[in-house]
Amino acid sequence: MIDLRSRFSPKAFDKSTIEEADMASIMEIASWAPSAYNEQPWRFHAALRQDEEAFSSFVKVLTEGNQKWAQNASALVFSVVRRERSRDGLRNDYAFYDTGQAVAHMTIAALGHGLQMHQMQGFSPAECRQLLSLPSGIDPVTAIAIGRPTKDQTVDMPHRVRKEGDEVFLFHKSPKA
Ligand SMILES: Cc1cc2nc3c(=O)[nH]c(=O)nc-3n(C[C@H](O)[C@H](O)[C@H](O)COP(=O)(O)O)c2cc1C
């Protein structure tokens with residue numbers, strides 16, 4: 001069983017490659033996420049490290065700070081979202097929620113392949129739109145670096161502080177309980 005406490009967002013990847021079939025199977029798991037009205041509003045655009053031209057075109061869209069470490073990943077992905085519901089053309093208020101959930105599924109699938117994912121908001125949406133030729137109504141959401149962390153990186157990184165349980169979840173109990 002996958003222990004989700006082993007998931008973390010690495011900032012040091014080992015520059016190894018991922019086979020296209022493995023990457024495709026990770027993205028396929030994302031498509032099994034639930035979504036409002038089963039709209040599946042997400043799309044994933046991926047570039048593999050071994051395709052230097054495609055990979056570096058993705059790296060260039062990231063902020064300088066993110067480029068420093070993300071350039072060592074095995075694959076880069078942009079998650080993008082369709083903002084309107086295909087069923088009736090109305091605004092899909094759950095599109096971002098659903099896309100995040102699909103990425104979470106992908107994260108777990110990646111762990112199953114011994115890979116970690118690091119999501120990023122630090123990229124240029126305008127450059128991303130241009131690079132991926134996104135039509136209006138489809139917007140970039142996150143950049144995602146996927147790869148194998150270098151061995152010297154531990155899970156106990158200082159920024160990995162978590163809120164206390166009672167701040168995050170509350171049990172509503174009957175007076176009898
Ligand atoms: C939507 C989103 C955007 C993020 N953007 C960045 C980013 O631009 N650069 C970065 O280094 N980390 C980014 N992160 C990673 C978070 O900082 C990280 O998930 C958080 O500190 C918790 O650490 P952990 O994932 O290792 O548990 C982002 C994470 C999410 C979910």
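This is a predicted model: local features need pLDDT of at least 70, side-chain atom pairs count only at pLDDT 80 or more; totals for chains, interfaces and linings use all residues.

Analyst: Residues are numbered from 1 along each chain as its sequence is written.

User: Why are H1 and H4 called oblique to each other?

Analyst: The axes of H1 (residues 20–30) and H4 (residues 95–112) cross at roughly 140 degrees and come within 7 Å. Angles under 35 degrees count as roughly parallel, over 145 as roughly antiparallel, 65 to 115 as roughly perpendicular and the rest as oblique. H1 and H4 are therefore oblique. Their crossing is right-handed, meaning the near helix is turned clockwise from the far one by less than a right angle.

User: Which residues of H1 and H4 meet?

Analyst: Ile 26, Met 27, Ile 29 and Ala 30 in H1 meet Ala 102, Val 103, His 105, Met 106, Ala 109 and Ala 110 in H4 (contact: C-beta atoms, placed from the backbone, within 7 Å). By class, that's 9 nonpolar, 1 polar and no charged residues. Ala, Val, Leu, Ile, Met, Phe, Trp, Tyr, Cys and Pro count as nonpolar, Asp, Glu, Lys and Arg as charged, and the others, Gly among them, as polar.

User: What makes up the shell around the ligand, by class?

Analyst: The shell has 2 nonpolar, 7 polar and 1 charged. Among the surrounding residues are Phe 8, Met 120, His 159 and Arg 160; near here means a C-beta atom, placed from the backbone, within 6 Å.

Technical notes. Axes are lines fitted to C-alpha atoms, for helices over the stretch in contact, and angles run from 0 to 180 degrees between N-to-C directions. Helices (H or I, at least four residues) and strands (E, at least two) are DSSP runs, numbered from the N terminus. Two residues are in contact if their C-beta atoms, placed from the backbone, lie within 7 Å.
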